[in-house]
Amino acid sequence: MRRRVSIFGATGSVGCNTVALIEAQGGAEAYEVVALSGAGNVALLAEQARRLRARIAVTVTPGCYPALRAALAGSSVEAAAGAEALVAAAAEPADWTMSAIVGVAGLAPGLAAAARGGVLALANKESLVCAGDLLKRTCAAGGATLIPVDSEHSAIFQALRGERGGEVERIILTASGGPFRDWSRAQMARATLAQAVAHPNWTMGQRISIDSATMFNKALEVLEAKQLFDVAPDQVEVVVHPQSVVHSMVGFRDGAIIAQLGPSDMRGAIGFALNWPRRAPLPVARLDFAALARLDFAPADPARFPALRLAREALALGGLAGAVLNGAKEAALDAFIAGRVGFLDMADLVEHVMERLGADAARHGADAGLDAVMALDAAARRGVAERMDGMALGARTGVWS
Ligand code: NAD
Ligand code: MG
């Protein structure tokens with residue numbers, strides 16, 4: 001029987017790599033493709049669905065439905081549109097699901113997939129950051145197995161194979177430091193969108209690339225690691241490693257460190273999740289240590305990257321503080337992309353909203369549901385909007401200058 005697979009966020013950076021790997025491993029002959037999803041890029045979505053002979057293609061954008069239908073005319077692929085259709089497609093039985101939508105928008109479809117079981121390959125770190133307990137609980141109830149796809153967490157997962165959880169002393173997340181690793185705060189204050197998107201090592205979607213420049217991506221990954229590997233906050237460390245060759249490390253109580261290394265190519269982590277529990281040949285470059293010559297490590301500078309401190313605060317608060325951190329971060333990122341705030345303003349906005357909403361969010365227990373998470377996400381976004389209105393008013397009256 002062919003393995004049934006679904007890919008949510010198929011048209012994105014992780015999604016396209018996933019489609020390519022599935023095609024390299026036999027495509028529609030080897031896999032029964034249940035559902036593919038995208039947003040505005042319906043031409044690509046339709047092309048992927050035709051090539052993989054998918055049963056359903058869903059665009060989350062209702063207005064794109066006519067274009068998707070037209071692009072699928074004459075094929076056997078069923079077209080669907082809207083957020084409800086997306087969740088319904090995620091609930092269709094599948095043996096393996098890639099969760100690669102960007103942002104908290106990936107949470108509801110991820111939960112629907114978790115509830116019906118199979119392997120949940122999780123690139124969408126936001127669902128663990130915002131609702132880790134809920135997602136893990138849903139996986140347990142549905143009999144789903146969560147396999148991390150974020151390169152650092154895939155590395156840790158690989159380093160932990162065959163080890164005992166109680167013997168782990170620390171988890172060491174590596175961070176490239178992004179494009180502004182060596183920039184001064186004054187330079188960062190003037191950073192443009194194009195500069196923030198230009199990641200030195202990894203080719204990724206626009207939003208995660210900017211998150212790498214602020215190090216909010218690493219901040220989310222600290223919370224993600226805490227959820228995935230069930231460690232205490234002070235057991236998660238971050239070290240800057242500009243080459244991105246060591247994808248992350250685990251330290252054990254005997255002082256031993258196990259690291260996973262590889263080229264900075266997401267097909268490594270995606271392919272590992274696709275073939276888990278086995279390993280299959282992957283079309284990635286092989287490391288040449290003689291050519292590498294050196295690997296560097298340095299501490300992260302908290303003054304230039306306040307995101308890491310904000311992650312620590314969210315961890316210390318617990319509860320649903322991660323939903324506030326992420327919601328505020330998503331809204332601040334929208335504002336930066338729209339040219340409405342500067343690069344350093346993003347962390348200031350998140351800090352402001354965390355101060356106001358963090359303690360309330362922390363009161364939620366591990367049994368909090370999707371509604372509570374989404375209400376906090378909305379409140380955090382409103383908090384950013386209000387703060388920006390206040391800043392604009394302040395600028396006019398000179399209060400903030
Ligand atoms: P991307 O922006 O390239 O693609 C996002 C996908 O989600 C697209 O298919 C898009 O159509 C869809 N989408 C966007 N908004 C949506 C919405 N509101 N509702 C439903 N679908 C929507 O993103 P990406 O870089 O592939 O990242 C995807 C996820 O994987 C993110 O959570 C990111 O943090 C994580 N991740 C990515 C990489 C990487 O190399 N790109 C590495 C590690 C983790
Ligand atoms: Mg990562």
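Met215 counts as buried, at 2% relative accessibility (buried means under 20% relative accessible area, exposed over 50% and partly exposed in between, with a 1.4 Å probe and protein chains only). That residue sits in the loop between α11 (206-214) and α12, and its phi is near 70°, a positive value in a residue other than glycine. Helices here are DSSP runs of H or I with at least four residues and strands are runs of E with at least two, numbered from the N terminus.

This is a predicted model, where local features need pLDDT of at least 70 and side-chain atom pairs count only at pLDDT 80 or more, while totals for chains, interfaces and linings use all residues. Residues are numbered from 1 along each chain as its sequence is written, chains are lettered from A and ligands numbered from 1 in the order in which they are written, and side-chain values use heavy atoms, with hydrogens and water left out.

**Salt bridges**

- The whole structure has 24 salt bridges, each one a side-chain nitrogen of Lys or Arg within 4 Å of a carboxyl oxygen of Asp or Glu.
- One of them joins the side chains of Asp95 and Arg4, at 2.9 Å from N to O.
- Asp95 lies in the loop between α5 (83-91) and β5, and Arg4 in strand β1 (residues 3-8), so the two tie together parts that are 91 residues apart in sequence.
- Asp95 is partly exposed, with a relative accessible area of 25%, and Arg4 is also partly exposed, at 25%.
- Lys218 is buried, and so is Glu152.
- Glu351 and Arg309 meet through their side chains at 3.0 Å, N to O.
- This pair links distant parts as well: Glu351 is in helix α17 (residues 345-362) and Arg309 in helix α15, 42 residues apart.
- Arg309 counts as partly exposed, at 34% relative accessibility.
- Salt bridges that share partners join Lys125, Asp150, Glu152, Lys218 and Glu221 into one network.

**The sheet**

- Seven strands, or 7 in the order β4-β3-β2-β1-β5-β6-β7, form an open sheet with parallel pairing.
- β4 (78-81) and β7 (144-148) stand at the edges with a single partner strand each, so one side of each is left without a neighbour in the sheet.
- Neighbouring strands are turned by 15° against each other on average, direction ignored, using axes that are lines fitted to C-alpha atoms (for helices over the stretch in contact) and angles that run from 0 to 180 degrees between N-to-C directions.
- Strand β2 (residues 31-38) pairs with strand β3 (residues 56-59) in the parallel sense over 4 bridges, and two strands pair if DSSP finds at least two bridges between them.
- Ala35 stands opposite Ile56 in β3.

**Loops and backbone**

- Val104 is in the loop between β5 (96-99) and α6 (107-115) and is buried, with a relative accessible area of 6%.
- The peptide bond from Trp276 to Pro277 is cis, with omega near 10°, and Pro277 is found in the loop between α13 (267-275) and α14.
- Ala293 has a phi near 65°, a positive value in a residue other than glycine.
- Ala293 is found in the loop between α14 and α15 and counts as exposed, at 69% relative accessibility.
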